[in-house]
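These are my notebook entries on a structure that I had not examined before. I set down each point as I looked it up.

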Amino acid sequence: MIELVNLRKEYDEVVAVRDVSLKIAEGEIFGLIGPNGAGKTTLIRMTCGLLNPTWGTVRVNGIDVHAEPERAQQYIGYLSDFFNLYDDLKVWEYLDYFAHAYKMNEAEIPARIDALIAEMGLEVKRDAMIRGLSRGMRQRLGIARAIIHRPKLVLLDEPASGLDPKARFELKETLRKVRNGGATVVVSSHILPDLEDFCTSIGVMERGDMVRSGTIQAITLAEAPQRAIRVAWIGDGLAKMESVLGADARVSSLALEVRGGTFRFSGSDQALADLLQRAVTAGVAITSFSEVKQTVEELYMKISHNQVM
Amino acid sequence: MLAFWRNPEFVRHARAELRPVRLATAGALAVIVPLLIGTAVYGNTRAYNQEFWSTLFKVLLGMQATVLTLWATLAGMQSVASERQQRTYDFVRTTSMSSAELLVGRLFGVAVLGWVQLILTMIIAIPAALLGGFSFGRVVLVYMVLVSLVILFTLAALAVSAAMDKPNPGVGMLLLFLLWILSSMITLVGASFPGIAALSPIAAMQSAMGAGSQSGLGYELERATIFSRAVPLVACTLLLYWTLSAWLVAILLRILKSDVDDARPFSRIMAVGFVVYVNAIMLAFYNPSPTTPWRWNPPRATNALDLVTVMVALNLFLLYFVGVATVEPAERLRVWWRKHTANVLQEMQWPWITAAAVGAFVLLVAELLPMRGTKGFENPPLATAALNLAVALAFAVRDTMFVQWCRLTRMKSATAKAVAYLGLYYVSVGIVIANVFGRQSEPLYVAVNLLTPYRLFYHGMDASVLWSAYAGIAIQIVAAFLLWTAIRGRLEHQTRLIVEARPVGTISA
């Protein structure tokens, strides 16, 4: 869906984005993370054609964004971090303007506007002037604008900044719906919990470099090949558990107490299931057995050196 | 695209501006204002005769022109720059609308209420004109001039606005000052370039109304000359307004959807084309035998040297304008430098200033040669024209290089500051030379020739100091070379800093 090839942006003596190459497949929700000043916004602005790169190319749906901007824009929806709307328009007029600006089919526009207004929960504000909308409503209207033409790629730069927890939750739900509609979503954020349980892949930027990118699972595996496992049992199972785990060469960092503990395991899911089976067969009354998942935040802290330009 | 009323940009502006309350106010004003003006006019005429209707029309027309031009100019100035500042323009830039669609929508949209006001007042103004004795054709011509003027100023305002990242009231005032200058150009009717007076909307409307010598100004307003043939002044007006509008459209198509930092109003071809266009217009309007008397300056037939002086001086400003307009942004220059050092061919803008000067010289020669043998043109001073154009070119290149060097520094508003420094240089040099050599003409001329292009404005210098004009050209070439060396040094330094800052590391998903 998106292909960035050696993308680079220079300002004076600073390299804002340094030769980034990246491919993001269709249907992904890609989280672009990094500290403020890492180059996330510059990368997104180049990807949507707002900023000319010093070098490199951006292809969206196979179209070079900077060679054929107007054709490429039909596939791109963009929302910036801080933005304003046309306060002197009504909600439906705002969407109608952008629907026409994206050259949507005339007959399709009224139904699409109504559907989006309903989806964003703005029905009661349909005929209201934009200047009277709350921050959350404006954000939802901004997202509605970005997706009105059913883009294949939605680029959102810090979309959750300034939103209250409820509005953030709603934002995640909205973006899931967009993804389920077949779009690829790229979200930049430095508020990492925003991206938790939401992104299918991430890219970590620092000082203009894309230092890591890929699926969360792949990055987790690359950063910590051994999975952390937490186990708990009842009764006198400590000795048996030590015996089962100690016999498996793939187990390390054993830290067991009377009723439970943690260890690291370097095998596959099947090998882990077999290990659990052996512990149960040995007579340990296991009450819980789970992998301690790394949060995006923990992952980021491992990768990042928190460097800005 | 021509159906602007269906253009999304126009529709957006119309929806925002033409709310019922505003429309009702505009309608009320369209009745009240003519009523008040009519009452005032009746106070003079004391009858509803032809003079009453004629005066009512003229006053209404003046108000329509003034209000709509100011309205459209100020709205145009705000249009793009304020949206860039508000960060709504990014969303417009990422739509599928082309620059042309964006331009058409904004051209008529930014002052849509003003246009509606114009149409509403025309409902009274046009019958008043017909009752006042003006033919329908004259009325149509007058409104063609008015609409062309408003479009020209809206385009100019949009072009300025598109080149800024936030509104600047000072620049808006400059544009309005330009309108005042244009209006005052009516005084050029009696000069050697009467067609230039056609830039004045006052002169054009008077001409369109057939005021002629009844204008009370003492000038013949009906006629100008194109290649010495008499044409209606209003024809020159429409020619100038439409061609200048076409240039502004070409500029806007380049910059309207681009980032402010990447916006360059002229391409290489456009830069040369613009110089050729201005030269061609000036030479076409040239009238060697002005006949209309000036109150303070009796008519004098001009000669070839006068023409050369005017045209070369004009080209000095044109070359500066083109040079500054084609200066490269630092980022593009660094890319060019890297490609250049890697032996990848990529042309630069600067050499095209020379092509512009050559184009201007060719046109001047083409104008002068057919005049050879006529009175005052027996011996066209082509050598003087060539030398003076070379002087203009040398100074323009040197100063363009200086502006380019400033663009590579970390100075904020580098171009504006560079132009200010150049102004300071010329003022300082003028004061120093005048104080040091004030009473000694030959050393004064030598110093002037070595350090300034002043000889372009004055053709009474002694032949004995001609060598200093050539020496001045040589000095400017050396200065330009030194500036080029400094530019190269900065490019090398910046490229080294960027390339060596940190090793490149990329991981693909």
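How many helices and strands does chain B have? I worked from a predicted model, and in it I counted 18 helices and 2 strands for chain B.

**Entry: chain B as a whole.** I looked up burial next. Chain B has 509 residues, of which 40% count as buried. I then turned to its contacts between residues at least 6 apart in sequence, and found that 75% of these join residues at least 24 apart.

**Entry: a helix pair in chain B.** The handedness of the crossing of α12(B) and α15(B) is right-handed.

I also noted which residues make this contact. From α12(B) they include Val308(B), Val312(B), Leu316(B), Leu319(B) and Tyr320(B). From α15(B) I noted, among them, Leu389(B), Ala392(B), Leu393(B), Ala396(B) and Asp399(B). By class, the residues of the contact of α12(B) with α15(B) comprise 12 nonpolar, 5 polar and 1 charged.

**Entry: the sheet in chain A.** What is the order of the strands in the open sheet of chain A? I read it as β2-β1-β4-β5, a sheet of 4 strands with antiparallel pairing. At the edges I found β2 (14-24) and β5 (63-64) of chain A, each of which pairs on one side only.

Strand β1 (residues 2-11) and strand β4 (residues 55-60) of chain A run antiparallel and are joined by 5 bridges. As one example, I took Leu4(A) and found that its bridge partner in β4(A) is Val58(A).

**Entry: where the chains touch.** How many residues does each chain give to the contact? I found 45 residues from chain A and 33 residues from chain B. On the side of chain B that touches chain A, the elements that give two or more residues are α1 (8-17), α4 (89-93), α13 (330-341) and α18 (466-500) of chain B. Of these, α1(B) gives the most, with 5 residues.

Definitions and conventions: Residues are numbered from 1 along each chain as its sequence is written. Chains are lettered from A and ligands numbered from 1 in the order in which they are written. This is a predicted model: local features need pLDDT of at least 70, side-chain atom pairs count only at pLDDT 80 or more; totals for chains, interfaces and linings use all residues. Two residues are in contact if their C-beta atoms, placed from the backbone, lie within 7 Å. A residue is buried if 20 or more other C-beta atoms lie within 10 Å of its own, exposed if 12 or fewer, and partly exposed in between; C-beta atoms are placed from the backbone. Two strands pair if DSSP finds at least two bridges between them. A crossing is left-handed if the near helix is turned anticlockwise from the far one by less than a right angle, and right-handed if clockwise. Ala, Val, Leu, Ile, Met, Phe, Trp, Tyr, Cys and Pro count as nonpolar, Asp, Glu, Lys and Arg as charged, and the others, Gly among them, as polar.
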